[in-house]
Amino acid sequence: MPITFENVTHIYQSSGPLAATGIKNVNLTINDGDFVAIIGQTGSGKSTLVQHMNALLKPTAGVIHIGERAITPDSKNKHLKKLRQKVGMVFQFPEAQLFEDTVLKDICFGPQNFGASVTQAQATAREMLDLVKLPADIAEQSPFDLSGGQMRRVAIAGVLAARPQVLILDEPTAGLDPQAHTELMELFANLNRQGTTIILISHQMEDVAQYCNRVLIMENAQLIRSTTPQMLFNDQDFIIQHNLQVPEATAFAQELVQQGFQFESLPITEPQLVQQLRRQLGGING
Amino acid sequence: MGKLIIGRYLPGDSLIHHLDPRGKFVGTFLFVLIVFLANNWETYLLLTAFVLLAVKLSGISLKFFIKGIRPMIYLILFTVLLQMFFTPGGDPFWQWGIFSLSKLSILNGLFIFIRFLLIIFISTLLTVTTTPLQMSDAMEYLLKPLRIVHFPVDEVALMLSIALQFIPLLSDETTKIMNAQRARGVDFGEGSLINQIKAVVPILIPLFVSSFNIAYDLSVAMESRGYHGSEGRSKYRQLQWQAADTWMLVVFGLLAVCLIGLRSY
Amino acid sequence: MDPIIELDQVSYTYENAAHPALQQVSLTVAAHQWVAIVGLNGSGKSTLAQILDGLLPIDTGTIKIGGQPLTTDNLWQMRQQIGMIFQNPDHQFVGATVEDDVAFGLENQGMPRDQMQQRVHWALEQVKMTAFAHKAPQTLSGGQKQRVAIAGVIALQPRIIIMDESTSMLDPTGREDILRIMQDLQQQLQITILSITHSMAEIVQADQIVILQAGQIIKTGTVEQIFSNLRNLTELGLQPPFTQQLQADLRAAGVPVTAQYHNKSRLIRELCQLRLKM
């Protein structure tokens, strides 16, 4: 289900004196099976952008095509369920959305809203618990008795339970320990391999380099560039000009370049760096 | 929510904005009392001129104040009509059962209408030129005498000021939770009444949980910074009474004197 | 150097909890150190921070701050020596403006107003937030809010500052910013810092690392001691630092770098030497 933006602008409280531009003249296409990163400073419009992708926000100008559906400023707020079932969204700190008295019921909430029967929803929910690596016996517990990390997984399971074709993730691992971070990122990568389109808002360039095939850069409400991570992190002028970070492997390689090393293309992940260094240094002593 | 004007602060740099909130509080209260001195054309004209001047001084457009009446207009009209039809005396030129209309009762209704407008204008003026925090400071000061009867004035003031501050945070939180549940397939404002009531639960519970979390975090933070009740605390923020504030009260006094002179007996 | 914090066999169990949150924890921290406290979510790190400040009463064991045992009687005096900065910048504001918030702790001590004004001014200067003194906290960015929280703590001139995941909700710019400010303040004011964190950038610059697992301290040591062995690190809530991972992977790939612990610049130097030999 591809997503296309055509000249999309969103102005908050557009009629009042407090009008503020959320996004301005955005054009983009996200293809089936993409793993897209959206990066940019806090307040650059990343969250506003993604909230258009499941019609939580409507554009104040322009058109968005989500699969068959077109969303314009005049679109009615009706019959959006089908769309929201196909485009799932994990908000920042999603554990704040839990409300049912058991974990199982909370995960079932989405599927049931989208029309699944109780038995269907429960079967899916149990499957999702396993997917996010939570023990099965947690199902009948109250979500509020769990640790913060477990609550996060329950919330994510609750979104995955609708089996979306497109999954939007707004800093899904913020505040988690490195182990939980890796497990969740691997889970998303797996879903992507099985065909789910993933859209990830992130500040962690390691993840952008390791998992994403495309990266969108937002600045002051505008989409200033759409490229691949490899191209982005090799464009040092652009990185400096727009105050962006690079992955550690790239930063390390840049320091080596200053010491006289040469790379045909700067590595963006650690395995790439190892591989390139082996080619350059591995010759000696076998 | 967006339509209610009373209770909303509009930032500005006018003389009225800079007056001491305690003075403004007392002044507004005085005004509400002296409005009842007016009982003829001259006195109402004087009061209206006074209020318009005050609005002018605040630098906020009159349109804004007029918009502020809108939510209350039916209540006002109802009261005014009640007054008109039920005021006895005068020479009724129309009568139907207990209803009657006379020149006197129409005039009376008109005066009451003006009285309503003036009171609404002046209280709107107080709230749009005074931050909620200044209001709570002023209340804290004016309620100080209640300490004698062991009313926890300082605690209540601190509570109020914290509560005011967390309103924007909780309102953001509400939007966020609503969006998260909409993304999970909830339709707000659609379907039967029962369905709509049901849709509130997934918002209220997370909101309660968040509020408790915030309250818990805040209490730990306050305790770690040495808060243990208002005893032995000093105060950083202080209100400053200036000459202009005294003058304002003098003007209110003069206004009262003029009204007493002009009203008919 | 004299220890500023001494924990001896400290245990704490939350009400209705099946397992103790902290179990027989003993720890000594020398003054003016930067101690990183790490571990998986739920390993007892925040509990440790809160018992140090007397915010939770311990079940057994003793806590000494600056050589003095912490008791219920001297709680409020002891607490003056410790400042805490919490995770969520929105949940720790008490004052309605930046300066009011910085003054909050001073008001609690009953400090005279003119002295307070000086302290507030000084504290805001230290975190470069003077220009924001009259602003409402909602208008600030996450990083700026945490700076204000820092000002509120240093205004009280504590000897110890505990950071409970204070940078975890910030973006990378905010995170770097707060880390730099804390490093400067530690030098300048000679304070001891205990920092609960998952951030590798912060962990590798610490003087001492304390690893908690299921309520127990299972390892303490310097960066070099902790990271010379990369095995099992993720189970402890740590990632191998980039340099160590690279060094290990290069060796595995047959590049002849030494096995000894290297920081970044030493590894770069060694790689350059290897290149020149080719």
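Chain A of this predicted model contains 11 helices and 10 strands, where helices (H or I, at least four residues) and strands (E, at least two) are DSSP runs numbered from the N terminus. The radius of gyration of chain A is 21 Å, close to the 19 Å that the globule rule gives for 286 residues, so chain A is as compact as a globular protein of that length. That radius is taken over C-alpha atoms, and the globule rule is 2.2 Å times the number of residues to the power 0.38. Residues are numbered from 1 along each chain as its sequence is written, and chains are lettered from A and ligands numbered from 1 in the order in which they are written. Local features need pLDDT of at least 70, side-chain atom pairs count only at pLDDT 80 or more, totals for chains, interfaces and linings use all residues, and side-chain values use heavy atoms, with hydrogens and water left out.

Along the principal axes, the C-alpha atoms of chain A fill a box of roughly 65 × 50 × 30 Å. Of its 286 residues, 55% count as buried; buried means under 20% relative accessible area, exposed over 50%, and partly exposed in between (1.4 Å probe, protein chains only). Among the contacts in chain A with a separation of 6 or more, 60% come from residues 24 or more positions apart, a contact being heavy atoms within 4.5 Å. Chain A exposes about 12,200 Å², and carbon and sulfur atoms supply 46% of that area. Accessible areas come from the Shrake-Rupley method with a 1.4 Å probe; for residues, only the protein chains shown count as cover.

Chain A has an open sheet of six strands in the order S6-S7-S8-S3-S9-S10, with mixed pairing. Strand S6 (87-90) and strand S10 (222-227) of chain A stand at the edges with a single partner strand each, so one side of each is left without a neighbour in the sheet. From one strand to the next, the twist averages 15°. Two strands pair if DSSP finds at least two bridges between them. Strand S3 (residues 35-39) and strand S8 (residues 197-201) of chain A run parallel and are joined by four bridges. Within this pair, A:Ala37 has A:Leu200 in S8(A) as its bridge partner.

Helices of chain A pack on this sheet. Helix H5 (residues 148-160) of chain A touches S6 and strand S7 (166-170) of chain A, and its direction makes about 170° with that of S6(A). Helix H6 (residues 178-193) of chain A lies across S3, S7 and S8 of chain A, at about 145° to S8(A). For these angles, axes are lines fitted to C-alpha atoms, for helices over the stretch in contact, and angles run from 0 to 180 degrees between N-to-C directions.

A:Glu95 is found in the loop between S6 and helix H3 (103-113) of chain A. With a relative accessible area of 18%, A:Glu95 is buried. Not counting residues up to four places away in sequence, A:Glu95 touches A:Met151, A:Arg152 and A:Ala155. The C-alpha atoms of A:Glu95 and A:Ala155 are separated by 5.4 Å, although the two are 60 residues apart along the chain.

Chain B has 11 helices and two strands. The radius of gyration of chain B is 24 Å, well over the 18 Å that the globule rule gives for 265 residues, so chain B is more spread out than a compact globule. Its C-alpha trace spans about 70 × 55 × 40 Å along the principal axes. Buried residues make up 38% of the 265 residues in chain B. The accessible surface of chain B comes to about 15,200 Å², of which 72% belongs to carbon and sulfur atoms. The domain assignment of chain B gives domain 1 (15-131 + 244-262) and domain 2 (144-225), with bounds from an automatic or database domain assignment. The centres of these two domains of chain B, taken over C-alpha atoms, are separated by 36 Å.

Chain C is divided into domain 1 (3-224) and domain 2 (241-278), and the C-alpha centres of the two lie 36 Å apart. In strand S3 (residues 34-38) of chain C, five of the five residues are buried. In a regular strand the side chains alternate between the two faces of the sheet. On one side of S3(C) are C:Trp34, C:Ala36 and C:Val38, and on the other C:Val35 and C:Ile37. S3(C) runs parallel to strand S8 (residues 192-196) of chain C, joined by four bridges, and C:Ala36 stands opposite C:Ser195 in S8(C). S3(C) also pairs in the parallel sense with strand S9 (residues 208-213) of chain C over four bridges, where C:Val38 has C:Ile211 as its bridge partner.
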